[in-house]
Amino acid sequence: MNLEALIPEYVRGFQAYVPSKPDHLLMREYGASMLHRLNNNENPLGPPPAAARVIAAFPPERAAIYPSGDSYDLRQSLGARLGIAADRILVGNGSCEVISSVIKAFCQPGDNIVTADKTFAVYEWVAEFSGIEARLTPLRDYAFDPQAMLDRIDRHTKILFVCNPNNPTGTYWTQQMLVDFLEQAGEDRIVVVDEAYREYIDDPEYPDTIGLMERFPNLVVFRTFSKMYALAGLRVGYLAGTEAVVEVVRRTSVAYSVNVQAQQAALAALEDDREHIAATRTLVREGMRLVVGACRDLELETVGGAGNYLMIRTPINDMLMYRRLMKRGMMVRTMTGFRFPGWIRVTLREIPVMASFAAILAEEVHAIRNQRVPA
Amino acid sequence: MKQAKSRSHSLSSRLPFKGAFLPLAMSLVEKGAEGFGYGRREAGGLVLAMEELFSFYARQATADSAIDVDLEDQGYRLALTLTFRMANPDLRAFNLTWNCSLDSEESLELLGPMLAARSVSSLRLDFGTDDQVVLRLARNRAYPPAADVPLPPGGLKSPLRLLEPSADDLRHFAAMAVAAGSPFLPGFLARPGMAADMLAAGHIGALLIEQDNWIRGGVLWHPLTGSCLELYGPYIFGPDADAQGVTLLLDAAVARISRSPYRGLVRRQGVLAGFERFFDFLGELHLRRGDAAIRSTCYYRQLKEESSGTVYCAEPLASFLDKQYDRLCLPRQIRQAGSDPARLRDGSVLAVELEHERSLAILRPLCAGKDMAANLTAHLDMLRGEGIGNFLVELNTGRSEDTAFAAPLAETGFVPRLVIPDAGQGDLVVYDHPAPEGRV
């Protein structure tokens with residue numbers, strides 16, 4: 001069998017993403033007695049209480065029954081919350097699935113998408129392994145640069161992806177910036193705003209994307225239950241757009257991809273999120289203050305803002321810092337893969353974990369600075 | 001850097017692996033090379049290699065077997081790949097030290113592969129599953145040396161700017177690197193036309209910086225192995241205040257290749273000030289140039305977070321690896337190898353890559369055998385006789401045929417100096433051979 005001949009050119013050169021191994025294996029490999037995951041921007045508080053109860057009480061016999069193929073009840077609830085018809089919402093197996101659905105719905109080989117070079121990689125990956133050109137623009141002051149994106153548009157541009165706030169830099173566009181961008185981008189292409197971390201932001205200037213859809217019918221928004229709602233293990237995300245746009249995306253989406261427990265937990269999380277969001281924001285704010293202070297003491301540059309994460313510039317290359325921290329039981333995200341070599345990204349968690357991280361980071365930085373490095 | 005095989009520049013054929021099809025196989029290569037615009041001299045080496053390898057292995061092939069022939073014009077070279085299935089293929093003649101004896105019928109039979117190995121620019125052997133043997137041969141185009149070009153004047157003022165080079169930009173940059181007398185120039189940069197064609201073929205990646213319309217420097221990368229890239233440079237023409245040019249180039253180069261399929265990036269070109277932000281220090285190789293002892297400093301950076309593995313080997317390699325893995329915080333499990341020397345085949349095989357400019361031979365184990373120490377010694381003696389004074393051995397930790405060489409390497413004076421993580425099948429251990437005093 002000549003497997004190579006079967007593989008499309010754009011898949012042949014593509015490398016599969018390798019997720020991290022389970023904790024017990026990583027701890028054994030690195031000889032660490034404990035492991036704190038500070039790499040995936042998860043919420044350590046866990047899901048809102050009502051969602052936690054739904055998960056705990058999940059009746060095993062329900063596992064034998066197919067879920068709602070289009071997350072009917074969840075869409076009704078989301079629609080009520082957002083003030084839009086349920087048909088304007090499409091629920092997926094995490095927001096990664098809806099990214100894929102949107103690209104499949106609107107792009108064909110020869111088309112292109114435009115996004116930033118230093119952002120969540122999945123827009124670029126899905127485009128590339130689908131044979132779609134990903135046009136990448138540099139950030140300006142660690143933020144998406146609207147003009148740079150507009151400059152890359154041509155008649156083959158089908159989708160513009162804006163990560164707002166940006167992962168990993170935490171910068172975000174305000175309502176006015178987004179409106180200006182949408183006006184200049186025109187109606188001939190889809191503008192996706194990925195709001196995976198929107199619930200961490202408490203700023204009246206943050207865009208009301210749902211409200212803007214009346215004026216800009218080409219606007220699509222992505223949201224997720226993985227971050228603030230702490231349902232990352234159940235994989236639930238969704239997109240919202242106009243009925244016409246969502247109807248097209250639904251054609252390229254797989255029904256039944258969101259399991260029944262995930263749908264029920266997300267539904268419960270929505271109905272019990274007020275105190276959960278407040279508590280999470282407080283936790284992130286305190287964690288941010290602690291780690292930023294520790295980095296200032298160590299004279300390490302940081303970049304952060306919105307979102308439950310912080311970028312730290314490391315005195316050695318980020319990959320070696322990652323391995324050194326892994327040996328101490330702290331798993332961070334290296335930023336080489338985000339095209340920020342020499343930086344790590346740290347998830348902001350509860351204070352005891354952040355204090356422990358800050359102490360270990362300080363020890364490692366001092367050890368690095370004190371050691372005689374051959375040159 | 002994306003390497004693409006263009007269907008309009010390649011041809012493939014599956015032939016019965018029988019002597020009767022040899023003329024067709026040869027004709028395929030000859031006419032194909034002609035069609036792709038290669039001259040007689042470039043094509044001739046590949047045709048000869050095809051003739052010798054096809055006829056030698058067709059005699060050993062089973063009656064119903066086939067051979068896949070792929071010829072590809074890669075712009076700067078013509079690449080021929082032969083793929084077939086064979087249990088225990090005879091590879092001894094690929095040893096550089098193989099001597100043909102007119103008195104020995106077996107020796108005469110092995111003359112063919114030896115001629116093939118020496119008539120091409122490069123030859124690589126890979127072994128796949130189900131007894132698959134892949135012979136990859138290439139013959140480079142002939143390129144003129146670099147013409148003299150001016151270097152940037154002093155006093156340039158505008159900010160440095162990154163430039164994504166065209167093939168012409170890179171051709172000019174390569175000529176500047178030669179004119180500047182930059183140390184550690186790889187062979188492809190010494191021939192600017194070759195560098196330009198390699199860039200066009202996607203076989204190297206490059207970024208340049210410019211200032212006031214002058215090219216001020218550049219950095220290049222090229223696959224060292226299927227999983228590891230090698231970085232060349234940064235080369236800077238003129239002063240580089242606060243290492244601005246180096247930092248700009250390295251940040252951009254690492255960002256550019258960070259989402260490539262490669263797992264690591266190695267730099268083997270001597271000391272780089274302020275390397276810590278970009279690289280891990282791997283170690284130094286002890287080489288000689290003329291009467292002078294020189295140390296080749298090696299740096300590395302991982303490109304993917306996940307890196308782990310198990311190494312089966314014996315002392316003294318195990319202790320060396322343990323120390324290196326600990327220093328680099330690399331998660332590796334070292335287990336005692338259980339190979340039985342009595343079960344080894346008689347003859348070991350080594351591939352040799354020569355760099356005459358650096359008086360350097362890089363030896364790579366292909367097959368372990370009972371004669372490993374003697375074979376290494378024979379290679380050293382023969383290569384010294386040809387004026388080579390520096391010897392490196394690259395050994396894959398994930399390949400038992402390689403790790404079997406650890407004891408014979410120690411026995412013959414080779415010293416493990418550094419480990420390049422994930423650079424081969426497993427990690428790549430690099431040995432050098434401390435040169436005897438004197439000029440090489």
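In chain B, 66% of the contacts between residues at least 6 apart in sequence join residues at least 24 apart; two residues are in contact if their C-beta atoms, placed from the backbone, lie within 7 Å. What you're looking at is a predicted model, where local features need pLDDT of at least 70, side-chain atom pairs count only at pLDDT 80 or more, and totals for chains, interfaces and linings use all residues. Residues are numbered from 1 along each chain as its sequence is written, while chains are lettered from A and ligands numbered from 1 in the order in which they are written. Here's a quick tour, starting with chain B.

**Chain B at a glance**

- Chain B has 12 helices and 19 strands; helices (H or I, at least four residues) and strands (E, at least two) are DSSP runs, numbered from the N terminus.
- Of the 440 residues in chain B, 46% are buried, and buried here stands for 20 or more other C-beta atoms within 10 Å of a residue's own, with 12 or fewer counting as exposed and anything in between as partly exposed, C-beta atoms being placed from the backbone.

**The sheet of 7 strands in chain B**

- Seen in order, S6-S7-S8-S9-S10-S12-S11 of chain B form an open sheet of 7 strands with mixed pairing; two strands pair if DSSP finds at least two bridges between them.
- Strand S6 (161-163) and strand S11 (280-289) of chain B sit at the edges with a single partner strand each, so one side of each has no neighbour in the sheet.
- On average, neighbouring strands of this sheet are turned by 25° against each other, direction ignored.
- Strand S9 (residues 228-236) and strand S10 (residues 264-267) of chain B run parallel and are joined by 3 bridges.
- Look for B:Cys228, which stands opposite B:Gly264 in S10(B).

**The sheet of 5 strands in chain B**

- Another open sheet in chain B has 5 strands in the order S15-S16-S17-S19-S18, again with mixed pairing.
- Its edges are strand S15 (349-355) and strand S18 (415-424) of chain B, each with a single partner strand, so each is left with one side that has no neighbour in the sheet.
- From one strand to the next, the twist averages 25°.
- S18(B) and strand S19 (residues 426-432) of chain B run antiparallel, with 6 bridges joining them.
- B:Val419 has B:Val429 in S19(B) as its bridge partner.
- Helix H10 (residues 372-385) of chain B packs on this sheet, touching S15, strand S16 (360-367) and strand S17 (390-396) of chain B, and its direction makes about 25° with that of S15(B); axes are lines fitted to C-alpha atoms, for helices over the stretch in contact, and angles run from 0 to 180 degrees between N-to-C directions.

**Strand S5 of chain B and its partners**

- Strand S3 (residues 77-85) of chain B runs antiparallel to strand S5 (residues 132-140) of chain B, and 9 bridges join the two.
- In that pairing, B:Thr83 has B:Val134 in S5(B) as its bridge partner.
- Strand S4 (residues 122-127) of chain B is also antiparallel to S5(B), through 6 bridges.
- B:Ser122 stands opposite B:Ala138 in S5(B).

**Chain A and its two domains**

- Chain A is split into domain 1 (3-46 + 274-369) and domain 2 (49-271), with bounds that come from an automatic or database domain assignment.
- The centres of these two domains, taken over C-alpha atoms, are 24 Å apart.
- Their contact takes 27 residues from domain 1 of chain A and 24 residues from domain 2 of chain A.
- On the domain 1 side, helix H2 (9-12), helix H13 (274-297), strand S9 (302-304) and strand S10 (309-313) of chain A each supply at least two residues.
- H13(A) gives the largest share of that side, 4 residues.
- By class, the domain 1 side has 14 nonpolar, 9 polar and 4 charged residues; Ala, Val, Leu, Ile, Met, Phe, Trp, Tyr, Cys and Pro count as nonpolar, Asp, Glu, Lys and Arg as charged, and the others, Gly among them, as polar.

**Where chain A meets chain B**

- Here 26 residues of chain A are in contact with 27 residues of chain B.
- Helix H3 (23-30) and helix H14 (318-327) of chain A each supply at least two residues of the chain A side, and H14(A) gives the largest share, 6 residues.
- That chain A side divides into 12 nonpolar, 8 polar and 6 charged residues.
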